[in-house]
Amino acid sequence: MTIEAPRRVGQAFDTDELVLNMGPQHPSTHGVLRVVLRLDGERVVDADCVIGYIHRGVEKLCENRDWTQIILLTDRMDYVAAATSNLGYVETVEKLMQVEVPRRARYIRTILAELQRIASHCLWLGTHAMDIGAMTVLLYAFREREHVLDLFEEYCGARLTYNSMRIGGLPLDIPTGWDKKVSAFCDLMEPKLDEYEELLTNNRIWVGRTRDIGVISGEEATALGLCGPPLRGSGVSRDVRKDEPNAAYEEFDFDIPLGTRGDTYDRYLIRLEEFKQSIRIIRQALEGMPEGPVMGKVPRLIKPPAGETYHAIESPKGELGYFIVSDGRSTNPYRFRVRPPSFCNLQGLRRLVRGHLVADVVALIGTIDIVLGEVDR
Amino acid sequence: MDLIWLIPVLPGIGAALNGLVGVRYFDKRTAAYVACGTMAASLLLSLVAFAQLLGLPGDERFHQVTVAEWIPPIPLETAGGIGSFEVPWAFTLDPLSGMMILVVTGIGLLIHVYSVAYMDHEPRPAYARFFCYLNLFCFFMLLLVLGSTFLVMFVGWEGVGLCSYLLIGFWYHKQSASDAGKKAFIVNRIGDWGFILGIFLVFFTFGTLDFHAVAELAAEMPVEAAGMGVLSLICLLLFVGAIGKSAQIPLYVWLPDAMEGPTPVSALIHAATMVTAGVYMVGRNAVLFSHAPMVMEIVAIIGLATAIMAATIGLVQTDIKRVLAYSTVSQLGYMFLATGVGAFAAGAFHLMTHAFFKALLFLGSGSVIHAMNEEQDMRRMGGLKQYMPVTYATMGIGALAIAGVPLLSGFFSKDEILYRTFLHNRLFWMLAVVAAGMTAFYMFRLIFMTFYQEYRGPAWEGGHGDHGEHHEDDGGDHAWHGPHESPRLMTVPLIVLAVGAVLAGYVGVPAALGGSNAIEHFLEPSFVAHAGEGAHGEAAHLSHLAELGLMAISVLIAGLGIFLAYRNYIQRPETADEWAERYAGPHRVLTNKYYVDELYDATFVRGTMVGARGLWGFDGGVVDGAVNGTGWTTVASSRISHVLDKHVVDGLVNLVGWVCQEGSYGFRRVQTGLIQNYAFATLVGVFAFVTWFLVGR
Amino acid sequence: MLEAAVFYTLAVLILGLGILVISARSAVHSVLFLVVNFLLVAILYVTLSAQFVAVIQVLVYAGGIVVLYLFVVMLVSLKRAPEQHADTRRLGVTGAVLAGAVLLEVIGIVVSGAARSDAPAGARGAGVPEAISDPMLNTEQIGWVLYTEYLIPFEVASMLLLVAMIGAIVLAKKNL
Amino acid sequence: MLEITPLHYTALSAALFIIGVIGVLVRRNIIIIFMSIELILNAVNINLVALSSQLQNLVGQVFVVFVIAVAAAEAAVGLGIIIAFYRNKETVNIDEMSLMRW
Amino acid sequence: MLETFIIPLLQIAVLLNAVLVAVTFMVLMERKVMAWAQARLGPMRVGPHGILQAIVDPIKLILKEDITPVAADKWVFTVAPIMSLVPALVVFSVVPFGPDPLYYVADINVGLLFIVAVTSIGVYGIILGGWSSNSKYPLLASLRASAQLISYEIAVTMTLVSVILTSGTLSLVGIVEAQREAGVWFGFIQPVAFVLVFIGGLAETNRVPFDLPEAETELTGGFHTEYSGMRFALFFLAEYANIIVISAIVAIMFLGGWMRPFPNVEALAFLDLIPPWIWLIGKIFLFLYVFIWIRATLPRYRYDQLMRLGWKVLIPIAIGNLVITGIVKVLV
């Protein structure tokens, strides 16, 4: 029985440091993240994130597919929020081509994106709670996520990788009665949120496990390039939906919840509030849904003019940006680059876990809400 | 009235606050508030006390408060056998001290207020330090005034000397200021030496130090009309102290140099309050002095000589503050003249009026200096009338008052002195009148050179002719925008003092002018041993007409002085230089202040140094020789002891150590450091024991 | 008969395990043998109808102290066996031999003592106040003696434990 | 022989005691030496309980309680020292623990 | 011969089998109750509503390959699960299922101390299991588990002392009889002790919210990570047997053991028709249900929080409870 012990000579009464590998096969690293922890007893001295275990070269692949095929590949990045990945990509290309998207299409896109946010947050809530030991919440959250997946299935026929958008609009109009079902889902979802809160929000153990864990100030969060709920949890008001509205967001009322302490509990509360805001947006969109076509005027062969553009949307995980260069000649992008929120948020992990206990590492991986498919791409 | 002890204590508290806490923590406003607040409270108390005093009938205006015991009774030998030396912290309120506390607190408060603005350029800690000193000074001054024994007064006396030193040297980074501080302090010590000897003698003679008791005892003694008795000796010694404090010949040299201090200090200490302490002390001991006529004569002569000498020097000085300083010395001479001729009340009256107008003049000059960006030379001023009307007007009133222009305060008090002098000795009167004329001359010379004529000062930013509104205080960069009126905090005290300078005289309007000379009757009880005793019954009286005639003469002389000044400095400004050339010899003498400083330097300072060198030589040769001889003897004996110690004592000790060391070489083989070997040893013991048990059965 | 069988079985096991404790190569095995040894000693106590002491033996010795040993053995992970470094001056083997001699002597004393006719086998000691009567009351009686006659030693022992606790914390803590 | 007298217990105790002593003398791992000391203490305890039973006197059992308390204290402090020593020297070999020599 | 050997042996045989069967069914119960709490069905395939799952699971475990890691200390690796299970089963020997000797194997005068002592032996199985696997996660988990077990044992034992003070005996039969004499379950006299022992029991058996040693998401399974097959099953058995032991102790000490509710109210005498052992088993299953319920509800404590709760909350409360009990005992 040995524990490899890097021993610091001359330091009396010093316990040895322990190097612990967490992952890539570990139940709570959300995929294939490997975190190399240096421990002093149970306390984390330092952490190194090792990524790349599911690197598929999505960006390179995209540079060798034509513009429409790329939508399919974006599904495979953040596979628990494929619709927002699609949205970001198609809007970027639309921006490059300066295509006008019909209002109805933009409304439906907003609904899809917000439904996607609910689904993604459900997954996050379930796994986060599971990591901290509350296993019932996982099953509750998945129960509701199932409803969202049903709605997506009805809309586009897929439950995970939707391929649900097209450059210039949408492939399909919504099925008859779909909007009623979405509305019914909104009504269903709200009491369920209270159910989650009942299990967690005021639970002493939950608060004890998340309060003051992974505290990060707004400045530091900004400096690390965090985005999405981890950034807002530190009180920085940054939401692409508000700051640079895309789709139809500028037409709806919604609030950006902000944290005060920048700890895990704040981030938890923010995501719960985002559920409610998403429901609010969906309801407004359903109510004000305009009539009209869902596809704009787009040439048959998509060949954007030469140029480059960067466009970002607020995915459930944070700011998802696409940087695309077109040479104007070929049917595939010259350069395709993604700014994935999961990857940026993962940078914060090392800072967040330092000084905490091993058990908190699990909670902190949960709180930054990463999807390794998006990190590695 | 039982709270009069609070009157000095309040500024003392202010000083403690500012000095202990304020220098480090207070901002300027707080420091100023603390200082002014305590002074205002003190003034209020003084007013209340004074009002209560007035409420008493004339004979009973005497109140003594003992706050605490200071020196417990000690048996000491006195002329009358074994006396009990006992000094309480006791304070006396009688008409004289009542008047003095009003003057000190009242003018003190005005000067505090004035200083708030005047010292505004100072950095923060120095600001608080300044107010600490100022308050401390007021504390000691009030202690001096209110003290009912010689020793309490002496504490105040030394305290004001200390504060004077601190305040003169306030800008201690300036060599001349710190030198002036030291000079004031040392010269005062000479006077204090006389004072304390006088106190010793008072105790030896009377067996007590209480003023009242001393006065009562002294009143029993015969007047030493001829020759020097013990009373005369006491008075002479006390007078030496007064000379030092009140800057009389020959110890006046420190006062003009004291003008190195900030102007409010000059006004408060060196014009209105501290320098009058000598006069006050003489007045306090009026009974003693009146039993020593010969000393009185000396007092009068010294006062007169000082008055004239200072006045003549004042004629040619060009530094605005020095003119005022010599004027102060001269006026103090007047006061001593008054006391010398037995007119204690007149002296005190002049003391009061002088406090008003001299404080006014000093503050005015401070205002001018402030306006001229720290320029003190009158030759570089001129024409300031248009820039600073308030200062001009108030200073003008002050000058008129000091010159003895009728209906202003100086007129009444000075004429009272002159009148009493006339009664005493005609020659003295004539000289005094001449001095009064000179006073008028140099005061108006000052006014004319400062406020009239052409502007001769340095040019300023923003153009010469732009005599605009440069009222605002220009912060830290000290960009000077030309002469300007001072801020309100400075002008208001000026105005108040000007009003005082005009009105203060009306408490002593002489009978010849239809007045009742109220002040004299008010003060009278303080100068006699027993209230109600008709002390000055023997004094001769002139008719009112003759008195009026004397007034007219002095007014004429004053008018002449003013006219001469007008002619020399307004009509024909060149006359002044012409006169200076024509009378080059006297002018040079006067400009150099009669070479008194040089004389002192040559005699006393050098003499002291030569003596000190001699003593040094003695110390080095004889005293050190003896000490060194002793040292050598010690060294020699210790050498012997060392040899013994090294070879006998150390030898024994080393032997013990050696035995231990050699022994341990053997024993340490046993101590292997292996615990199991020790256990083995134990086991051997157990084995032996068990074996013994087994065999033994 | 039964009593003798139980005693001999236990004695053999206890001694055998004792030898295993001091001879086992791995310290963890040593600890394991020690635990079993202690449990057997506890059973021995039960046969002597000292149930309370037996339970205390299990609870404190086997369940507490030896767990501590086990912890330390696990924490002290050795890179080289202690036997690699041996001081030549140690007298271990001699000591073992000497210890054997002492054992023989003691056994001799015991046997000779048993041989003597006046040995008070099974007799009560003189002037003994407390008698063991009902085994069901064993605990109560011990408690009674402990809290009356031996109260001060009991308190001293508890103080000793407190001091030992603090001492152990101070020694083992990295930084106080 | 078949009748179990207190002398049997005494003999057992003596044997266990000597085993402990040999352990102390022979082993070099200080933890095992400590365990040998525990064996010695147990030997004493067996004696005490046996005699207590024979003499029908509970004081023997009371003493066992005290012995156990002392053993617990000894184990706590002794093992604490071992841990501290191990942190510094990375050894538990008693032959290397000779800092106090000479 | 009959009374000294045959009957006790029969009793032991029945008891061991009953406990082992109870454990398998408790696993099934846990799965079903959890499923109901979490809006799912749980095992449904084997037998009606998956009842036979309780039989299938052990069979699976026995048939699985029993792997011994190469680097493990084989001897200790084998002994550890046994050392874990044996104490858990031994404890049942003093658990009385009814008033007369037929219902218990032994009634000893130090019964409660015996339980505490024997359960404390169980920690060896955990430590040695973790250590002998020669792997980091099991070692960490075993250290945690043993530290947790020892810490909470202190609190639980101290609390039990206050119950002993109330009853005046260490014998479990005596404690139940004392409750009959008192006319009220000790759960009402000692509510603080009741809650404390229950919480301590949760911690000692490594159940949620104190299931750190087995926290899958942190330590990938705990000290038995490297175990498989029957050796794993032994650990599993030991753990669930311990849960049943704790439930039994709590039921006996605080809920009147085999007695019906309100034992001295004559009007309820018809309840005595139900045999006493059913009453006790019913109470035990009540606690088992609560154990499972808590597992479905609560998140998990962090290690330091758990230790803080044990040392800074439970032990002080236990001491306070003991002191107050003593004072009341002296005064009343």
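Two residues are in contact if their C-beta atoms, placed from the backbone, lie within 7 Å. By that rule, 76 residues of chain C touch 64 residues of chain D. Helix H3 (51-75) of chain C gives the most to this side of chain C, with 12 residues. Here helices are DSSP runs (H or I, at least four residues), numbered from the N terminus.

A word on the source: this is a predicted model, in which local features need pLDDT of at least 70, side-chain atom pairs count only at pLDDT 80 or more, and totals for chains, interfaces and linings use all residues. Residues are numbered from 1 along each chain as its sequence is written, while chains are lettered from A and ligands numbered from 1 in the order in which they are written.

Now to a pair of helices in chain B. H1 (residues 6-25) and H4 (residues 124-146) of chain B pack at an angle of about 155 degrees, with their axes 8 Å apart. That makes H1(B) roughly antiparallel to H4(B) (angles over 145 degrees count as such). Among the residues making the contact are Gly12(B) and Ala15(B) of H1(B), and Phe131(B) and Leu142(B) of H4(B).

The table sorts both contacts by class: Ala, Val, Leu, Ile, Met, Phe, Trp, Tyr, Cys and Pro count as nonpolar, Asp, Glu, Lys and Arg as charged, and the others, Gly among them, as polar.

| H1(B) with H4(B) | 15 residues | 6 residues | 1 residue |

Finally, confidence: chain B averages a pLDDT (the predictor's confidence in each residue, from 0 to 100) of 82.

Definitions and conventions:
Axes are lines fitted to C-alpha atoms, for helices over the stretch in contact, and angles run from 0 to 180 degrees between N-to-C directions. Helices (H or I, at least four residues) and strands (E, at least two) are DSSP runs, numbered from the N terminus. Angles under 35 degrees count as roughly parallel, over 145 as roughly antiparallel, 65 to 115 as roughly perpendicular and the rest as oblique.
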